[in-house]
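Have the viewer open while you read.

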Amino acid sequence: MTFAPQLTAEIAEALQLGRPVVGLETTLVSHGFSGGRGLDAALESERRVRAAGATPATVGVLDGVVRVGLDASELQRFADAGCAARKTGARDLAACVVQGALGSTTVGGTLAVCRAVGIRFVGTGGIGGVHRGFAESLDISADLPQLARTPAVVVCSGAKSILDVSATSELLETLGVPVLGWQTATLPMFYTGAGGPPVSATVGDALEVARIAATHWQLVPAGGLVLARPPTEGIDLETLVTEAVEQVHRACITGQAVTPAVLAAVEDLSGGRSVEVNRRLIADNAELAARVAVAYADLGPRSTMAATGPPPSGP
Ligand code: PSU
Ligand code: MN
């Protein structure tokens, strides 16, 4: 019995040679879409990563083995399981391994594995964050502290709009996580690009992001960055999201079950439109993560060596 993540030969070789690799999560495959449609989202993300010149590395726990790189039939198991798969953050990995579970990794869980194997770029839809009503529930996603301690760039469309995005932005600042706005000055609101709090810096191209990441890792070797990209064709679902959050609250759903329940309610209330935007932005973000990973690899060992060396010792 071992935690040691199992990498496909392709991913192991790419990492060894310093080639671009993009980590992808599996919670969106199992919990993010209903009716097994998460499989399409996963496969499309992988296609887009490859088309941009990087190797996709989808992370999940299968039969108690932490896997980095999953084939279509393995991804299908996550999609088919839906909410029966165990939603796996960093704290859940060990129990999943020992108990031989099917564990779909959240952004935080995926980051913990990426940190262990040296993957520095991750694509997803929306990161977890501070939930609305956090003062009472203290429901704050473990994605945020994990981001603060993992040297990776997470490409997303902001925090999920079902969250308190302003509070999430404040906490990212507190944790010292740079929030880069992809050709935007404000943090995207997931379903729409407009109306969010300011980002810490606006960036214009993949090379600029790669250079900021490499520089950040020289200064803060174990710190993560967010690259926030507005959805290409966003829609304003704010009213529906508020209604969905209230519905879920009234149904007394709490903890990890909140996100899937709210997403299902938003899909219902929007007549499926939310799912279309979600699918598209997940694939677009995966492609952007790949473009940044390629630009980072092209910086060459001199720029990235300090970042890939061991973290400095001492407190
Ligand atoms: N965005 C979605 N669907 C999801 C998630 C994000 O559109 O299912 C998942 C991600 O895996 C993220 C997780 O890491 O929700 C955060 O969950 P929580 O708030 O319980 O930490
Ligand atoms: Mn939570």
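1. Start with Phe190, which is buried, at a relative accessible area of 3%. Here buried means under 20% relative accessible area, exposed over 50%, and partly exposed in between, with a 1.4 Å probe and protein chains only. The phi of Phe190 is near 75°, a positive value in a residue other than glycine. Phe190 sits in the loop between strand S9 (179-182) and strand S10 (201-203). Helices (H or I, at least four residues) and strands (E, at least two) are DSSP runs, numbered from the N terminus.

2. Some housekeeping. This is a predicted model, where local features need pLDDT of at least 70 and side-chain atom pairs count only at pLDDT 80 or more, while totals for chains, interfaces and linings use all residues. Residues are numbered from 1 along each chain as its sequence is written, chains are lettered from A and ligands numbered from 1 in the order in which they are written, and side-chain values use heavy atoms, with hydrogens and water left out.

3. Leu138 also has a positive phi, near 55°, and is not a glycine. Its loop runs between helix H7 (134-137) and helix H8 (143-148). Is Leu138 buried or exposed? Leu138 is exposed, with a relative accessible area of 66%.

4. Now look at helix H6 (residues 107-117): nine of its 11 residues are buried, so the rest of the structure largely encloses it. Among the buried ones are Val107, Leu111 and Cys114. At the N-terminal end, Thr106 caps H6, with a side-chain oxygen 3.2 Å from the backbone nitrogen of Gly108. Just after H6, Gly118 takes a positive phi of about 90°.

5. On to ligand 1. Which residues are the closest to it? Of the 16 that surround ligand 1, they are Glu25, Lys87, Val107, Ser141 and Asp143; a residue is near if one of its heavy atoms lies within 4 Å. The shell divides into three nonpolar, nine polar and four charged residues.

6. A polar side-chain atom of Lys87 lies 2.7 Å from an oxygen atom of ligand 1. For Ser141 the distance to a ligand 1 oxygen is 2.7 Å, and for Asn278 it is 3.5 Å. Taken alone, ligand 1 exposes 480 Å², and the protein buries 94% of that (Shrake-Rupley method, 1.4 Å probe).

How values were computed: Polar contact = N/O pair within 3.5 Å; in protein donor to acceptor, adjacent residues only side chain to side chain. Nonpolar A, V, L, I, M, F, W, Y, C, P; charged D, E, K, R; others polar.
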